Amino acid sequence: QVQLVESGGGLVQAGGSLRLSCAASGRSISSYAMGWFRQAPGEGREFVAALTWSGIRTWYADSVKGRFTISRDNAKITVYLQMNSLKPEDTAVYYCAARQQAYLATMTTPNAWTLGSWGQGTQVTVSS
């Protein structure tokens with residue numbers, strides 16, 4: 001198993017930026033894919049972005065494409081989500097997840113991450 005801890009959330013005005021971090025521990029992450037998901041009040045889990053650990057491939061939800069960037073630091077064993085041009089509809093609890101790097105065609109499907117590891121979440125609030 002992999003233990004994940006998110007940080008970097010907070011309150012920002014529309015148009016502002018935040019960078020979320022997801023630190024991994026307990027097991028090597030080299031064979032994993034990493035993803036970011038979010039859940040707004042009263043709504044279900046939504047896919048945001050993902051990458052293979054090598055950084056060769058990335059995936060983004062249409063709602064964040066061009067505004068958010070997912071990246072990783074091999075030395076720090078940390079995944080980042082840089083969020084620019086934030087909108088009120090981006091307000092949610094953001095979760096980091098890890099799963100085995102397989103079946104890449106399902107990378108953007110939330111149900112495909114069910115058996116993976118999850119962090120505790122970090123709150124992002126964007127005011128108008």
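Reader: What is the volume of the largest pocket?

Author: About 200 Å³, where a volume is the space filled by probe spheres set on grid points joined across faces, edges and corners. This is a predicted model, in which local features need pLDDT of at least 70 and side-chain atom pairs 80 or more, while totals for chains, interfaces and linings use all residues. Residues are numbered from 1 along each chain as its sequence is written, and side-chain values use heavy atoms, without hydrogens and water.

Reader: What makes a residue part of the lining of a pocket?

Author: A lining residue has an atom within 4 Å of a point of the pocket, which is an open set on a 1 Å grid over the protein atoms alone, where a 1.4 Å probe fits, with protein on both sides within 12 Å along at least five of seven lines. Here 13 residues line the largest pocket, and Ala98, Arg99, Gln100, Leu115 and Gly116 are the closest to its centre.

Reader: Why is Thr122 called buried?

Author: Buried means under 20% relative accessible area, found with a 1.4 Å probe on protein chains only. Thr122 has 10%, so Thr122 counts as buried.

Reader: How do you know that the side chain of Thr122 reaches Gly9?

Author: The distance to the backbone nitrogen of Gly9 is 3.2 Å. A polar contact is a pair of N or O atoms within 3.5 Å, one able to donate a hydrogen and the other to accept it; residues adjacent in sequence count only if both atoms are side-chain atoms.

Technical notes:
Buried < 20%, exposed > 50% of the residue type's maximum accessible area, 1.4 Å probe, protein only.
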